[in-house]
Amino acid sequence: MALTRRQFVLGTALSGMAIVSRPLLANPSGTETVSAIARGIPSTGETIPAIGMGTWITFNVGSDPYLIDQRTRVLETFLTAGGTVVDCSPMYGSSANVVGAALENLQAHDRVFSASKVWTSDQSATREQTRSSLGKWGVARFDLQQIHNLVGWQGHLETLREMKASGEIRYIGITTSHGRRHRDLARIMETEELDFVQLTYNVLDREAEERLLPIAQDRGIAVLVNRPFQGGQLFRRFEAKPLPDVAAEAGVSTWAELFLKYVISHPAVTCAIPATSKVDHMQENMAALYGNLPNASQRQELVAYVRSL
Amino acid sequence: MRTDVWTTYSLQDLLMFGPEVYLRLCVRLNQDFWPWQLPVVVLGLLVPVLLGRPEASLRRLAWLAIASAWVLSGAGFLLTYYSEINWPAAGLGWAFVVQGVLLAGLGLRSVSRPLNPQGRRFQLVWWLTVILLPWVTVLESGTVQALAVFGLAPGVTVAATNLVPGALSGRQGWLLVPIPLLWLTFSAATFWTLQVYWLLVLPVVGLVMLVIGYWLSPSPAQSLDRQSAHHDPAHR
């Protein structure tokens with residue numbers, strides 16, 4: 001397979017990082033890795049890379065050819081660095097169309113783990129909205145179809161189960177964000193058969209650690225994490241601050257990588273889905289897909305450090 | 001969708017695009033419309049002159065230009081470009097078309113007399129708005145291609161033409177106030193949420209123009225300028 005210049009440069013950079021870095025974050029359990037960090041989906045055992053790509057805000061660019069091309073480069077960087085999970089929703093304006101255009105430009109429909117959502121209070125519109133989203137993405141079926149923010153979840157879940165049984169979708173899930181309706185989500189996770197949940201979790205928003213993530217572990221539910229950078233707020237608050245010593249020792253050179261490694265180092269988390277509109281930011285994000293992860297005490301150190309800033 | 005679900009969303013959650021994408025709308029509009037900006041701006045600059053002319057046909061032309069500016073901003077910027085990334089823009093686009101129709105109807109009805117005896121100040125404020133305000137988007141974006149041209153970009157169009165309701169006689173001018181106020185509120189909330197603070201100048205100036213329009217009004221009941229009452233006795 002011929003490598004493009006972009007693939008070569010990115011591959012070299014990531015390989016170099018893996019070679020030169022000392023045991024990342026001094027993990028005493030010795031789980032150093034040089035390949036992409038992948039996690040199993042509990043319901044099937046299928047593995048997916050632990051860093052995915054969200055599209056909230058970033059891919060809603062309408063029909064602007066210049067911006068569509070830019071977003072195509074972002075997706076290309078993501079795929080080249082080993083990412084597969086792409087998440088979108090009908091709520092995100094033209095994002096699904098732009099994802100579809102980017103996939104078409106890259107001829108990459110079969111390289112993504114496609115995660116879409118149903119977002120309508122009309123509980124009989126599950127199939128119709130799924131078909132509409134499929135047309136925008138240009139894929140034959142979604143790997144994962146989720147119920148967005150629990151909207152009309154009872155009716156949608158029933159239909160999604162039928163669709164999964166008939167092979168129209170592979171996995172079903174339910175989502176929340178910004179810490180909304182965690183009590184409702186917990187009840188659904190405890191009583192319904194789900195493959196995935198999606199929730200907000202980051203170094204500052206840690207409410208999910210108390211109940212949702214333990215339930216996911218107990219019930220064998222994969223977890224997608226949205227807003228791992230708190231919608232960019234973490235950068236606005238901490239980017240000008242120095243990284244903690246433990247990060248520098250480990251070769252983690254950016255806050256993005258550190259924030260993401262904090263998220264995916266939780267044993268219940270399957271994949272974090274940060275969103276970005278910039279290629280260089282995507283490269284920083286994807287660096288978190290390689291190397292070691294912090295252990296429990298190092299995670300606590302990170303939280304304490306961030307809180308102290 | 002359940003009401004309690006909507007109450008969990010903040011304005012920021014519902015704004016599904018970033019500043020770059022919004023400013024690109026101005027760039028695309030200018031690229032697609034070029035070179036028609038030039039005659040549109042020239043006609044826009046002539047509006048206050050034409051409104052003060054004694055010939056009814058010229059005043060009629062001015063009113064049609066004002067109405068067309070609203071329709072063009074609504075059908076062009078809002079319906080064709082902005083609504084792709086922000087669904088409320090579609091509704092606002094149609095509201096702009098309605099405002100254009102209202103302006104044409106009310107303006108042509110009042111065409112029997114020159115609009116405003118305070119014409120010099122009206123002209124000066126109008127020209128300053130049409131000439132200076134478009135540069136706000138340039139300041140925010142860093143590119144002259146994002147110039148918010150009168151007649152195409154809604155912010156500048158609304159700001160300049162907000163002088164008009166106060167200049168109309170009687171109560172009919174108030175019919176022209178709700179849609180501009182709706183736009184000013186919507187755009188101010190949008191720019192605030194996007195944290196594009198330069199662009200907040202657009203709705204702020206738009207609101208100031210509305211006030212100035214009534215201040216320059218010839219009606220003594222509406223005007224702070226006592227001189228204007230003396231120049232328009234027929235108005236009472």
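User: Helices (H or I, at least four residues) and strands (E, at least two) are DSSP runs, numbered from the N terminus. In which loop of chain A does A:Asp64 lie?

Analyst: This is a predicted model, in which local features need pLDDT of at least 70 and side-chain atom pairs count only at pLDDT 80 or more, whereas totals for chains, interfaces and linings use all residues. Residues are numbered from 1 along each chain as its sequence is written, chains are lettered from A and ligands numbered from 1 in the order in which they are written, and side-chain values use heavy atoms, with hydrogens and water left out. Strand 2 of chain A spans 47-49 and helix 2 spans 65-80. A:Asp64 lies in the loop between strand 2 and helix 2.

User: Is A:Asp64 buried or exposed?

Analyst: A residue is called buried under 20% relative accessible area, exposed over 50% and partly exposed in between, with a 1.4 Å probe and protein chains only. The relative accessibility of A:Asp64 is 1%, so it counts as buried.

User: Which residues does A:Asp64 touch, not counting residues up to four places away in sequence?

Analyst: Contact means heavy atoms within 4.5 Å. With residues up to four places away left out, A:Asp64 of chain A touches two arginines of chain B, namely B:Arg24 and B:Arg28.

User: How far apart in space are A:Phe59 and A:Ser277, C-alpha to C-alpha?

Analyst: A:Phe59 also belongs to the loop between strand 2 and helix 2 of chain A, and its 0% relative accessibility makes it buried. Leaving aside residues up to four places away, its contacts include A:Arg71, A:Val74, A:Ser94, A:Val98 and A:Thr276. In sequence A:Phe59 and A:Ser277 are 218 residues apart, but their C-alpha atoms are separated by 7.2 Å.

User: How many residues of helix 10 of chain A are buried?

Analyst: Helix 10 of chain A covers residues 255-264 and is largely enclosed by the rest of the structure. Its buried residues include A:Trp255, A:Phe259 and A:Tyr262, and also A:Glu257 and A:Lys261, whose side chains are of the charged class. The count of buried residues is 10 of the 10.

User: At what angle do the axes of helix 4 and helix 7 of chain B cross?

Analyst: Axes are lines fitted to C-alpha atoms, for helices over the stretch in contact, and angles run from 0 to 180 degrees between N-to-C directions. Helix 4 (residues 37-51) and helix 7 (residues 119-132) of chain B have axes that come within 9 Å, and they cross at roughly 170°.

User: Why is helix 4 of chain B described as roughly antiparallel to helix 7 of chain B, and how many nonpolar residues does their contact have?

Analyst: Angles under 35 degrees count as roughly parallel, over 145 as roughly antiparallel, 65 to 115 as roughly perpendicular and the rest as oblique, so the crossing at roughly 170° makes the two helices roughly antiparallel. Among the residues that meet are B:Leu45, B:Val49 and B:Leu51 from helix 4 and B:Phe122, B:Trp126 and B:Ile131 from helix 7. Ala, Val, Leu, Ile, Met, Phe, Trp, Tyr, Cys and Pro count as nonpolar, Asp, Glu, Lys and Arg as charged, and the others, Gly among them, as polar. By class, this contact of helix 4 with helix 7 has no charged residues, 2 polar and 10 nonpolar.

User: Which residues of helix 9 of chain B make the contact with helix 7 of chain B?

Analyst: Helix 7 and helix 9 (residues 154-161) of chain B pack at an angle of about 175° with their axes 9 Å apart, and they are therefore roughly antiparallel to each other. From helix 7 of chain B the contact is made by B:Trp126, B:Thr129 and B:Val130, and from helix 9 by B:Val156, B:Ala159, B:Ala160 and B:Thr161.

User: What is the separation of the C-alpha atoms of B:Gly213 and B:Ala167?

Analyst: B:Gly213 has its place in helix 12 (residues 201-215) of chain B, and at 1% relative accessibility it counts as buried. Leaving aside neighbours within four places in sequence, B:Gly213 is in contact with B:Leu163, B:Gly166 and B:Ala167. B:Gly213 and B:Ala167 are 46 residues apart along the chain, and their C-alpha atoms are separated by 6.2 Å.

User: How many strands are there in chain B?

Analyst: Chain A has 12 helices and 9 strands. Chain B has 13 helices, and its number of strands is 0.
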